[in-house]
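Dear colleague,

I am handing over the structure below for your review. Please look through it first; my notes come after it.

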Amino acid sequence: KYQNSVTQRYAPELRENFQELISRYQAYSKKLKSVYAQDWNAFVMSKAMLIVLQDYCHPDNLHTYKERKSGFVSICEDKMYRQAIERQQLLTFPLLKRTVCLLIRHRCFGLLCLITNVQNKMLKMGVSIR
């Protein structure tokens, strides 16, 4: 039932799209960024989670594990994402997102891929995961 939902589809273009969105947002809100630092971290962290789960860890991604992990590491090392990953207060997210944040923070790429694969298999079997 959720198999074809936007939040479950393989989306290799996410990083470029979110990079453009974030760049525009930064330009627009440079003065407000310091006032709303935690909101900013949550915004960037949520984009990082989507990129990781819907591109690098997605079972429909045909790149090798090494190539996907390299992309994942590049997100973790990118200054903007790294700051959000390090600074995000995890209690602001629900438990599942908190877990994903922790796994990204600790660079547990294999575990993130495993979770994503299990989730997709459950969805294909019609088992609700929400």
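The notes below cover the packing of helices, the cysteines and one asparagine.

Please bear in mind that this is a predicted model.

Helix packing

I begin with helix 3, which spans residues 65–77. Helix 3 packs with helix 6 at an angle of about 110 degrees, and the two axes lie 11 Å apart. An angle from 65 to 115 degrees counts as roughly perpendicular, so helix 3 is roughly perpendicular to helix 6. The crossing of these two helices is right-handed. On the side of helix 3, the residues involved are Y65, R68, K69 and F72, and they meet F109, G110, L112 and C113 of helix 6. By class, this contact comprises 5 nonpolar residues, 1 polar residue and 2 charged residues.

Helix 3 also packs with helix 4, which covers residues 79–87. Here the angle is about 75 degrees and the axes are 5 Å apart. This arrangement, too, makes helix 3 roughly perpendicular to helix 4. The contact brings I75, C76 and E77 of helix 3 together with K79, Y81, R82 and I85 of helix 4. Its residues divide into 4 nonpolar and 3 charged, with no polar residue among them.

Cysteines

How many disulfides does a search of the whole structure find? The search finds 0. The cysteine sulfur closest to that of C113 belongs to C57, at 3.5 Å. A disulfide requires the two sulfur atoms to be within 2.5 Å, so this pair is too far apart for a bond.

Is C113 buried or exposed? With a relative accessibility of 5%, C113 counts as buried, because the limit for that class is under 20%. C101 is buried as well, at a relative accessible area of 2%.

Asparagine 120

Helix 6 runs over residues 109–124, and N120 is found in it. N120 has a relative accessible area of 10% and is therefore buried. Which residues does N120 contact, leaving aside its neighbours within four places in sequence? These are Q8, H58 and P59.

With kind regards

Note on methods
Residues are numbered from 1 along each chain as its sequence is written. This is a predicted model: local features need pLDDT of at least 70, side-chain atom pairs count only at pLDDT 80 or more; totals for chains, interfaces and linings use all residues. Side-chain values use heavy atoms; hydrogens and water are left out. Helices (H or I, at least four residues) and strands (E, at least two) are DSSP runs, numbered from the N terminus. Buried means under 20% relative accessible area, exposed over 50%, partly exposed in between (1.4 Å probe, protein chains only). Contact means heavy atoms within 4.5 Å. Axes are lines fitted to C-alpha atoms, for helices over the stretch in contact, and angles run from 0 to 180 degrees between N-to-C directions. Angles under 35 degrees count as roughly parallel, over 145 as roughly antiparallel, 65 to 115 as roughly perpendicular and the rest as oblique. A crossing is left-handed if the near helix is turned anticlockwise from the far one by less than a right angle, and right-handed if clockwise. Ala, Val, Leu, Ile, Met, Phe, Trp, Tyr, Cys and Pro count as nonpolar, Asp, Glu, Lys and Arg as charged, and the others, Gly among them, as polar.
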